[in-house]
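Have your viewer open and try each task before you read on.

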Amino acid sequence: MDFDFKEVEKKWRKEWEDKEVYKVTEAPNLPKYYVLDMFPYPSGAGLHVGHPLGYVASDIYARYKRLKGFNVLHPMGYDAFGLPAEQYAIETGTPPQVTTDKAIKTYRGQLDKIGFSFDWSRQVKTCEPEYYKWTQWIFLQLFDSWYDRANNRAENIFTLDSYFAENGCINWPQHDKDDHAEFTDVEWNNFSVEEKQKILMHYRIAYQSYSEVNWCEALGTVLANDEVKDGKSERGGYPVERRKMRQWFLRITEYADRLLSGLDTLDWSDAMKDMQRNWIGRSEGALVQFHLSQTLSKGEGISSQYILTPDPSPSERGAEQVRFMTGAKEVSVKNLEHAKQHRKEPTEAEEKLWQEIRNEKLGFKFRRHLIDKYIVDFVCLFKGLIIEVDGDIHEFTKEEDAIRTLVLNQHGFTVIRFANNEVFNDLQNVLEKIKATATELNERIDSALSGLSDNQEVAVSPLSFGEGQVRKIPVFTTRPDTIFGATFMVIAPEHELVTSLTTAGQQKEIDDYIAYVKSRTDVERQQEKKVTGAFTGSYAVNPFTNTEIPIYIAEYVLAGYGTGAIMAVPADDERDRKFAEKFGLPIIEVIDKSAHPNAEIGDKVGTMINSGMLNGKEVKDAIKLILDEIEKQGIGKRKVNYRLRDAGYSRQRYWGEPFPIVYKNDIPYPLPVGELPLRLPEVDSYKPSGDGRSPIANNKAWVNLPDGSQRETDTMPGYAGSSWYFLRYMDPHNDKEFAAKDKLKYWQSVDLYLGGNEHAVGHLLYARLWHKFLYDMGYVPTDEPFKKLINQGMIQGVSAWVYRLSDIIISSTETPQSTLEKRPQIFVSYEICKTLKPLLGKSFKEIEGQFDLLPDDLKDCISKVYSAINEIGNVPEFMGAFDILDFTSRYVEVSVVDGDALNIDGFKSLPRLWTENSLFVYDSNGEITCERAVEKMSKSKYNVVNPDDVIEKYGADCFRMFEMFLGPLDQSKPWDQQGIDGVGKFIRRFWRLFGPTQTLPEGEGFNAIKLNLSDEKASPAELKILHKTIKKIADDIERLSFNTCVSQFMICLNELNDLKCTKREILEPLLIVLAPFAPFLTEELWQALGNTGSIHKAAFPKFEEKYLVESAFTYPVSINGKVRAEIPLALDLDEAAMKAAVLSNENIQKWTNGSEPKKFIFVKGRIINVVV
RNA sequence: GCCCUAGUGGCGGAAUUGGUAGACGCGCUCGACUCAAAAUCGAGUGCCGAAAGGCGUGGGGGUUCGAUUCCCUCCUGGGGUACCA
């Protein structure tokens, strides 16, 4: 009797469900194994044959591990929040919940048919409040934590609060002056709640910040970078613009190093690790300060209108400096703004000195202060003493400084100056000098302050440290060794200093260039490699060559990377060189690469030249040397830079997890944990609110709370729910914790994780971040979530196109358009189209004229086309419709194409293409062939194959095995169903091997079958086949090589068939080996063998080496590496005996001519090679 | 451009550590069964050649007794990423 897969599948699906065969509970006495598939998003389109590829593989693996005695966790659920359902809601008003539920139902139905062993009792859906309660809870943990770099781990935010309460943030290494001003413990304790919250926000792991985002007006939402393609939204292709918005972020950058180093501990493919490494983009280099080379550095962001044409370099400018001093009052106002805006970035020397004189350490109160139009480095108002620290720049600004001193003197101040070097090398002496001068001075405070208003003092002091960035520009470089060749500087057009650096003379040029940059889309920026830029008019000083270098802006420097500024080294950087060539800037060669003929520009090889102290050094050593020197001189410091940015965590959308956050006075506060889950509110409309907020903002009653506070209207992104779902599976119904400690401890982490590599950087990086965070907080026992990762390849579709004659109408035709539209289509076999290629585009008249000259095959084809046209031509209203020979191709459903040939009956069921009066031009085989090509499987390409259809025709077991038989799991391959018959044949032959007969008469249902097996003892040959198979299948499953497993099953079956083996001793264990692949077939036969339990709870047969041991081997014997003979020889023969046997072989003697071989190579059990 | 990955018969693919290249399946050819078809079973099938033999794993070169496998170089397809300093 034949294998009735429909009945068998129906029977066991029900049985497995009724008996909860795949339900798993924690069993401490069993070793655990966690096999997980990547969370699917249930799309409305349902599964196509590509989706289950990974699920089948993981299911086989999970079933195999169970048979091997492991307690296997193998769950499935849905990543149910997402844009498609919301987009559908916007279009139709259908609530996303409804759309999603429906899609999940479809998915589940499809999955069930394939016979997966998921423990469905553990299913989770991210959109359920029972689930997202814990997503919100984890978010609150992230919000309530900060990253302590000292211990390299996350800590609860209260530890930071109490640190500040005791120490303030002075001298705290993690304090970034860009973020907030310094404060003492006393100050902290006196801060208002709001002030404290604002400061703590700079440290929270989930934090808010204003940042430029990809704003898409049409979708009414912010898009992630990978959701933006070519400057348009990936979904819908709407325009995207940059816009500043307050957004939630996750401080993933703090974890960059651990995310990087953690990769080394993982069993992932190198490709995948590389992708993550590239994404994190760690680069080691230096942050180097370049001072500005003009009075501007002293004048601090003086608006360019006050600076007169400094286009020539400052040393060339001469007397113009004096005029710079006019307009002091207005300048002061500008100064104040700049002082506030840029009160950060003191030079290293200033900072060092400040630490020694602050807090009245010398007995005098020093502060930063605005005096006239200058912000002086340090001033003691009571003594009227000003201390200035000068960098190398002082060399170029002596004149300006002299004037500055003069002005300050006029206000009654004494000015003393120190060089950077003095501060670094002889600090004690400096301090003593300050002390001595201060002590000497009479109190002159009254006169000193005479020119200043109170307002200014309050505004500037004491926070206006440092002289603002305009005095120096930090650059990031990975090639500090080439600094002697830095002949110009380039900053990003978006750089915040562009305005301050632009001189009056260059204003127009810069404005024009910025306008040009803004006008360019991302596509244009990517496609053209044009070298563009503009000169700001300002100069910086190369700290090592002490030469002035011009500062340009150019779009090849990105605002978001490094400091948004580079030192350009045209000698050893491709882009810098092109830029220098275009703008005529000097190129100083700094590396001699003559010893490395293959080295290209930018390669880190060669010997340094023209580089002062570095001359003669190899690049590698030079990098180290110069870094030391840079740090010694206080010009800069070593710095590790990451490409990785903090992860945007806000979405202005409806269909996502609401934030458990309430704003009071615009400060966000967490909801108490007891109020979780904060449920997604209902809304009247799913359309974005229009003001940039999500549709949730439309529900005012929900947003505005009675106490005057407001709820957050953003929702969390797609990756929120999917960043921790694998933990929830361990304890999916727990309403006290996201998962109980003991269950987390039992299941640990995912042992095998399978999915597509589209998640390579997004999901996998975020999930690792969450996991590491939860690990830091002591909630999970492991610091990496996915030990072993396998990426299944994509299954591509094989698209098909049907060809027809084009509707080309010459204008002289007087046939009305409406008539032409009704004109019959003439479908032409692709074979004929290919043959007629030489005639394409010619008019039929012309072809007719040269008909006799055409080769026969063309004549033949064109005649066929003619007769079709004539058939239509006979209908008067269509006369003259075709003038030119041309074809148009249309996608045709792959379901109506067999091989290349169109299934005409099937085609006629497609109203999209076929109409009653269509005509066909068949080729010589009587077929209409189609053009075929491999493409992505997609609805729009009509090449989607639904697994339901395949299962309907071949059964689930066959479908599963065929998916595996297609090729290596991790390789992409087209779905070509050609070979499926082979697998179907295997299933039927395997079934017949057991000699099954139906016990019930035909038509009386399907209940039990009887097998015809022998209880005879198995022969060595049979046992060898069995054990060879046991070993091969176990090995291949372990290394996830499933295609070779299927081959082995076929080989095994062929061999058993040859031996006519029907022995139970062989077939029963073999059945278990096959069970992971064909769960239905094997379960049915297992029961028919008289077993009561499920085969899927049986034990995998033990492999016995002894059955494979051979006493002889037929050696292939090669002469000079070419196989010339096969000689069977005993395996225990010694080499001499073997050599004699081989050389005496007739076949071999033909080649050796009886002479002694030069060499005799013998690999036991493998090969013999004779060299003559 | 850079990173990753692959390239083997008509097709999907196998060869796990350098050891008989093309397992297994599809397709194709021939045969058996059949009135016939389907299904099933049997034989054959890398290319050239009548044969001996030669050639053959994208191309070229190298290491080795022996290379699909290791090295160098070039070409092509797929994926990722990108003015990343």
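**Exercise 1. Describe how H40 packs on H41, beginning with the hand of the crossing.**

Step 1. H40 and H41 cross in a left-handed sense, where left-handed means that the near helix is turned anticlockwise from the far one by less than a right angle, and right-handed that it is turned clockwise. Helices (H or I, at least four residues) and strands (E, at least two) are DSSP runs, numbered from the N terminus.

Step 2. Now the geometry: the axes of H40 and H41 (residues 1064–1074) are 12 Å apart, at an angle of about 165°. That makes H40 roughly antiparallel to H41. Axes are lines fitted to C-alpha atoms, for helices over the stretch in contact, with angles running from 0 to 180 degrees between N-to-C directions. Angles under 35 degrees count as roughly parallel, over 145 as roughly antiparallel, 65 to 115 as roughly perpendicular and the rest as oblique.

Step 3. For the contact (heavy atoms within 4.5 Å), H40 brings Phe 1049, Cys 1052 and Leu 1056, while H41 brings Ile 1066, Leu 1067, Leu 1070, Val 1073 and Leu 1074. Sorted by class, that is 8 nonpolar, no polar and no charged residues. Here Ala, Val, Leu, Ile, Met, Phe, Trp, Tyr, Cys and Pro count as nonpolar, Asp, Glu, Lys and Arg as charged, and the others, Gly among them, as polar.

A note on conventions: this is a predicted model, in which local features need pLDDT of at least 70 and side-chain atom pairs count only at pLDDT 80 or more, while totals for chains, interfaces and linings use all residues. Residues are numbered from 1 along each chain as its sequence is written, chains are lettered from A and ligands numbered from 1 in the order in which they are written, and side-chain values use heavy atoms, leaving out hydrogens and water.

**Exercise 2. Work out how H39 is oriented against H41.**

Step 1. The two axes, of H39 and H41, lie 10 Å apart at an angle of about 10°. That makes H39 roughly parallel to H41.

Step 2. Residues in this contact include Leu 1023, Leu 1026 and Ile 1030 of H39, and Ile 1066, Leu 1070 and Val 1073 of H41. The contact of H39 with H41 has 8 nonpolar, 1 polar and 2 charged residues.

**Exercise 3. Which element gives the largest share of the surface near RNA strand B?**

Step 1. Near means that a heavy atom of the residue lies within 4 Å. Of the 49 residues around RNA strand B, Ala 271, Thr 478, Tyr 561, Leu 966 and Asn 1169 come nearest.

Step 2. Elements that each supply at least two residues include H10 (270–280), H38, H39 and H40. H40 gives the largest share, 6 residues.

Step 3. By class, this surface has 20 nonpolar, 11 polar and 18 charged residues.

Step 4. Finally, look at polar contacts (pairs of N or O atoms within 3.5 Å; within protein, one must be able to donate a hydrogen and the other to accept it, and residues adjacent in sequence count only if both atoms are side-chain atoms). A polar side-chain atom of Lys 1159 is 3.2 Å from a phosphate oxygen of RNA strand B.
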